[in-house]
Amino acid sequence: MPVDLRANPIERIRVSGQRVTALRVAIRELLQELGHASADQLVLPDRERLGSISLQAVYDSLGVLGKAGLMGRIEPAGSPALFELRVADNHHPLVCRSCRGVTDVDCAVGHAPCLAPISDLGYLVEEAEVTYWGVCPVCQTAPLGATGAGSLGPVN
């Protein structure tokens with residue numbers, strides 16, 4: 001029976017050729033649970049699971065996982081870098097301007113604005129980043145000021 005690499009962080013790390021460590025497994029498990037998370041959001045649960053862990057150790061593990069293609073990184077304006085497991089597909093972040101929650105949406109359909117520049121200035125353009133911004137359904141119905149605007153709220 002084939003192993004579901006998305007559901008099995010140990011096998012996913014092993015298959016990538018990276019060393020399996022408790023911290024790397026814990027980070028992948030947390031990202032699977034949270035969807036998107038900053039390094040700071042990953043440190044506290046990992047400390048609860050694994051004991052004393054530094055923020056630098058989390059960043060080091062994120063770097064290894066990123067280089068191995070096991071997680072992605074997005075940087076919405078005004079927010080810390082967020083890490084996610086969804087990689088190697090064409091999806092885009094949708095960020096709530098109020099609570100700063102992030103969710104993924106599949107590739108844009110229809111006319112793709114600004115994906116091919118008028119002039120590439122000699123560059124070989126490989127990728128364009130799209131971030132959608134709006135107000136999530138919860139914040140749309142919340143009383144004014146009740147969503148903690150500007151904070152990094154829930155991440156999906």
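Biologist: Which residue meets the side chain of Arg 73 in a salt bridge?

Modeller: The model is a predicted one. A salt bridge requires a side-chain nitrogen of Lys or Arg within 4 Å of a carboxyl oxygen of Asp or Glu. For Arg 73 the N to O distance is 3.0 Å. The partner is exposed, with a relative accessible area of 56%, and it is Glu 75.

Biologist: Which residue forms a salt bridge with Arg 86, and where does each of the two lie?

Modeller: The closest N and O atoms of this pair are 2.3 Å apart. The pair links distant parts of the chain, 20 residues apart. Arg 86, in the loop between β3 (82-84) and β4 (91-96), is partly exposed at 25% relative accessibility. Its partner is exposed at 54% and lies in strand β5 (residues 102-106): Asp 106.

Biologist: Which residue pairs with Arg 14 in a salt bridge?

Modeller: Both members of the pair belong to helix α1 (residues 9-15), three residues apart, or about one turn of the helix. With the closest N and O atoms 2.6 Å apart, the partner is Glu 11.

Biologist: How many disulfides does the structure hold?

Modeller: A disulfide requires two cysteine sulfur atoms within 2.5 Å. The sulfur of Cys 96, a buried residue at 3% relative accessibility, has its closest cysteine sulfur in Cys 136, 3.7 Å away and therefore too far for a bond. The sulfur of Cys 136 is in turn 3.5 Å from its closest cysteine sulfur, in Cys 139, which is also too far. The number of disulfides is zero.

Biologist: What span is expected for helix α2, and which residue follows the helix?

Modeller: Helix α2 covers residues 22-34, a total of 13 residues. From its first C-alpha to its last it reaches 18 Å, close to the value expected at 1.5 Å a residue, 18 Å. The residue that follows α2 has a positive phi, near 90 degrees, and is Gly 35.

Biologist: Which arginines are among the buried residues of α2?

Modeller: To count as buried, a residue must have under 20% relative accessible area. The buried residues of α2 include Leu 23, Val 25, Ala 26, Ile 27, Leu 30 and Leu 31. The list also contains the arginines asked for, Arg 24 and Arg 28.

Technical notes: Residues are numbered from 1 along each chain as its sequence is written. This is a predicted model: local features need pLDDT of at least 70, side-chain atom pairs count only at pLDDT 80 or more; totals for chains, interfaces and linings use all residues. Side-chain values use heavy atoms; hydrogens and water are left out. Buried means under 20% relative accessible area, exposed over 50%, partly exposed in between (1.4 Å probe, protein chains only). Helices (H or I, at least four residues) and strands (E, at least two) are DSSP runs, numbered from the N terminus. The expected span of a helix is 1.5 Å times one less than its number of residues.
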